Amino acid sequence: MEIKEKLKKIIDSNDVCLFMKGVPTAPQCGFSMTISKILKHLNINFEGINVLEDENIRQGIKEYSDWPTIPQLYVKGEFIGGCDIVKEMFEQGELKDLLEKKNLI
Amino acid sequence: MALSIKEIKELITSSIPDAIIEIKDLVGDNNHYSAKIISKIFNNKSKIEQHKLVYKSLQGKMGNELHALSITTEGK
């Protein structure tokens with residue numbers, strides 16, 4: 001399967017997915033940890049995809065989202081952003097609103 | 001190869017000339033920075049678009065030479 005299709009399948013089959021370094025229980029980068037913590041704080045079930053396990057996914061998702069860094073958060077197929085954006089949205093209550101609107105809280 | 005604050009500023013200014021830029025070296029290692037960037041070009045753009053403009057100005061260095069740059073953008 002082409003990497004693009006593979007990524008689309010992952011994104012489409014998980015309401016909330018986080019492309020991250022490490023796994024949700026043990027993030028291996030501070031930025032990945034920040035988003036994990038925020039999602040856990042909001043009691044959101046999410047799929048953590050460890051990009052360190054697959055170089056194709058690691059490079060592929062950067063192209064797929066046209067975004068140069070990891071972590072990357074997707075909600076119901078929509079790219080939400082990286083750590084800075086998610087953190088800012090969380091602090092301003094926008095992330096909770098978005099998740100509520102998508103019936104995930 | 002890490003980038004200095006001066007180099008980061010120059011890169012951003014070269015594609016966003018009106019940018020007001022404030023960069024902090026978070027731990028003093030020339031590798032973990034935070035940048036606040038204010039520019040008219042951010043007006044009426046989504047956060048994703050705003051950050052993409054900053055990444056673009058860094059000419060592919062983000063995620064490579066530049067490991068950690070936390071970005072805050074604002075219109076003016």
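Biologist: Among contacts in chain A between residues at least 6 apart in sequence, what percentage join residues at least 24 apart?

Modeller: In this predicted model, 61% of the contacts in chain A between residues at least 6 apart join residues that are at least 24 apart in sequence. As for burial, 37% of the 105 residues of chain A count as buried.

Biologist: How does the radius of gyration of chain A agree with that of a compact globule?

Modeller: The general idea is to set the value beside the one that a compact globule of 105 residues would have, which is near 13 Å, and chain A, with 13 Å, agrees with it. Along its principal axes, the C-alpha trace of chain A spans about 35 × 25 × 20 Å.

Biologist: What is the order of the strands in the open sheet of chain A?

Modeller: The open sheet has 4 strands in the order β4-β1-β5-β6, and their pairing is mixed. Because β4 (47-50) and β6 of chain A each have a single partner strand, they stand at the edges, and one side of each is left without a neighbour in the sheet. Neighbouring strands of this sheet are turned against each other by 25° on average, direction ignored. Within the sheet, strand β1 (residues 16-20) and strand β5 (residues 72-75) of chain A pair in the antiparallel sense over 4 bridges, and A:Phe19 has A:Gln72 in β5(A) as its bridge partner.

Biologist: How should I read the packing of two helices, and at what angle do α1 and α3 of chain A cross?

Modeller: Two packed helices are described by the distance between their axes and by the angle between them. Here the axes of α1 (residues 3-13) and α3 (residues 55-65) of chain A come within 10 Å and cross at roughly 80°, which means that α1(A) is roughly perpendicular to α3(A). On α1(A) the contact is made by A:Ile3, A:Lys4 and A:Leu7, and on α3(A) by A:Asn56, A:Gly60, A:Ile61 and A:Tyr64. By class, the residues of this contact are 4 nonpolar, 2 polar and 1 charged.

Biologist: How many residues of chain A are in contact with chain B?

Modeller: The size of an interface is often given as the accessible area lost when the parts come together. Counted by residues, 8 of chain A are in contact with 10 of chain B. On the side of chain A that touches chain B, β6 (78-81) and α4 (83-91) each supply at least two residues, and by class this side has 3 nonpolar, 2 polar and 3 charged residues.

Notes:
Residues are numbered from 1 along each chain as its sequence is written. Chains are lettered from A and ligands numbered from 1 in the order in which they are written. This is a predicted model: local features need pLDDT of at least 70, side-chain atom pairs count only at pLDDT 80 or more; totals for chains, interfaces and linings use all residues. Two residues are in contact if their C-beta atoms, placed from the backbone, lie within 7 Å. Ala, Val, Leu, Ile, Met, Phe, Trp, Tyr, Cys and Pro count as nonpolar, Asp, Glu, Lys and Arg as charged, and the others, Gly among them, as polar. The radius of gyration is taken over C-alpha atoms; the globule rule is 2.2 Å times the number of residues to the power 0.38. A residue is buried if 20 or more other C-beta atoms lie within 10 Å of its own, exposed if 12 or fewer, and partly exposed in between; C-beta atoms are placed from the backbone. Two strands pair if DSSP finds at least two bridges between them. Axes are lines fitted to C-alpha atoms, for helices over the stretch in contact, and angles run from 0 to 180 degrees between N-to-C directions. Angles under 35 degrees count as roughly parallel, over 145 as roughly antiparallel, 65 to 115 as roughly perpendicular and the rest as oblique.
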